[in-house]
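Subject: Structure handover

Hello,

Here is the structure I promised to pass on. Please open it first, then read my notes below.

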Amino acid sequence: MKSFFISATNTNVGKTYTTLMLMEFFAKKGYKVGAFKPIETGVLDRVEDGEKLLNKAKELNPDFQDITIEDIVPITFTLPAAPFVAKKDQKIDYKKIDFAFEKLKKKCDVLFIEGAGGLMVPIDERYFMADFAKYFDAITLLVSHGKLGCINDTHLSLNFLKQKKLPHLWCVNLKDSDKNSFLKITFPYYRYYFQNPMILPMDIETLYTKMINFIQH
Ligand code: GDP
Ligand code: MG
């Protein structure tokens, strides 16, 4: 089993959206896929991300039929904030996270682990979200956005991943509404600096190939 840690330059950039897209793509290629979101905040009556991930995993992988929402998202908090803040004076129960991870990893070839927010969202007094990449021995996929400001956001997150020596890939999740401005404002720079940045949904096949290369080496 191999896992990918799906992070982003910020919240609401498209981690869940990209994860669902990748789950479908990997499943079409014959992989048994699974999903995991160790911590979700802003959970009142519904575990929004968790439910999307669970439904997709059940649709694509028969081994996930007996998996519950508590397995996919073992830790939830009501406040829509960084876990450090949302947990108030509670402790993060890492045993619960470990238990869920062990259960899920037996049921898939590829597990997509979605973080909360961006890389430096604090979990508690000791850890940031990016620490989950190492914790689960996962390759990070940084999802960036296509709005004004994305060049700066992308560089900062990529520099952080390099500095921490975390193996990673990155892509742009380009929403239709951002397409025109992205092509005019951002793409000329990305082409100059990164040559061939991967832009979803167009470059999903290239991203898939790079992800597979990563897990086979
Ligand atoms: P996350 O917080 O990083 O996981 O972001 P989400 O994946 O939940 O995306 C935030 C919102 O934007 C959700 O309502 C998504 O359905 C929507 N969204 C994200 N990416 C796209 C996209 O490429 N196209 C469209 N139409 N909507 C998107
Ligand atoms: Mg999400």
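Start with two helices. Helix H1 (residues 15–28) packs with helix H2 (residues 48–60) at an angle of about 5 degrees, and their axes are 10 Å apart. Axes here are lines fitted to C-alpha atoms, for helices over the stretch in contact, and angles run from 0 to 180 degrees between N-to-C directions.

A word on the basis. This is a predicted model, where local features need pLDDT of at least 70, side-chain atom pairs count only at pLDDT 80 or more, and totals for chains, interfaces and linings use all residues. Residues are numbered from 1 along each chain as its sequence is written, chains are lettered from A and ligands numbered from 1 in the order in which they are written, and side-chain values use heavy atoms, leaving out hydrogens and water.

Helices (H or I, at least four residues) and strands (E, at least two) are DSSP runs, numbered from the N terminus.

Now the sheet. It is open, has six strands in the order E2-E5-E1-E6-E7-E8, and pairs in parallel. Two strands pair if DSSP finds at least two bridges between them. At the edges are E2 (33–36) and E8 (199–200), each pairing on one side only. Two bridges join E7 (residues 168–173) to E8. Val-172 stands opposite Ile-199 in E8. Helix H7 (residues 150–163) lies across E6 (139–144) and E7, running at about 170 degrees to E6.

Is Ser-3 buried or exposed? Ser-3 counts as buried, at 4% relative accessibility (buried means under 20% relative accessible area, exposed over 50%, partly exposed in between, with a 1.4 Å probe and protein chains only). Ser-3 sits in strand E1 (residues 2–8). A polar atom of its side chain lies 3.4 Å from the backbone oxygen of Phe-136.

Last, Val-143 in strand E6. Val-143 is buried too, with a relative accessible area of 0%. Residues that Val-143 touches include Ile-6, Thr-18 and Cys-171 (contact means heavy atoms within 4.5 Å).

Best wishes

Notes: A polar contact is a pair of N or O atoms within 3.5 Å; within protein, one must be able to donate a hydrogen and the other to accept it, and residues adjacent in sequence count only if both atoms are side-chain atoms. Lists of a residue's contacts leave out its neighbours within four places in sequence.
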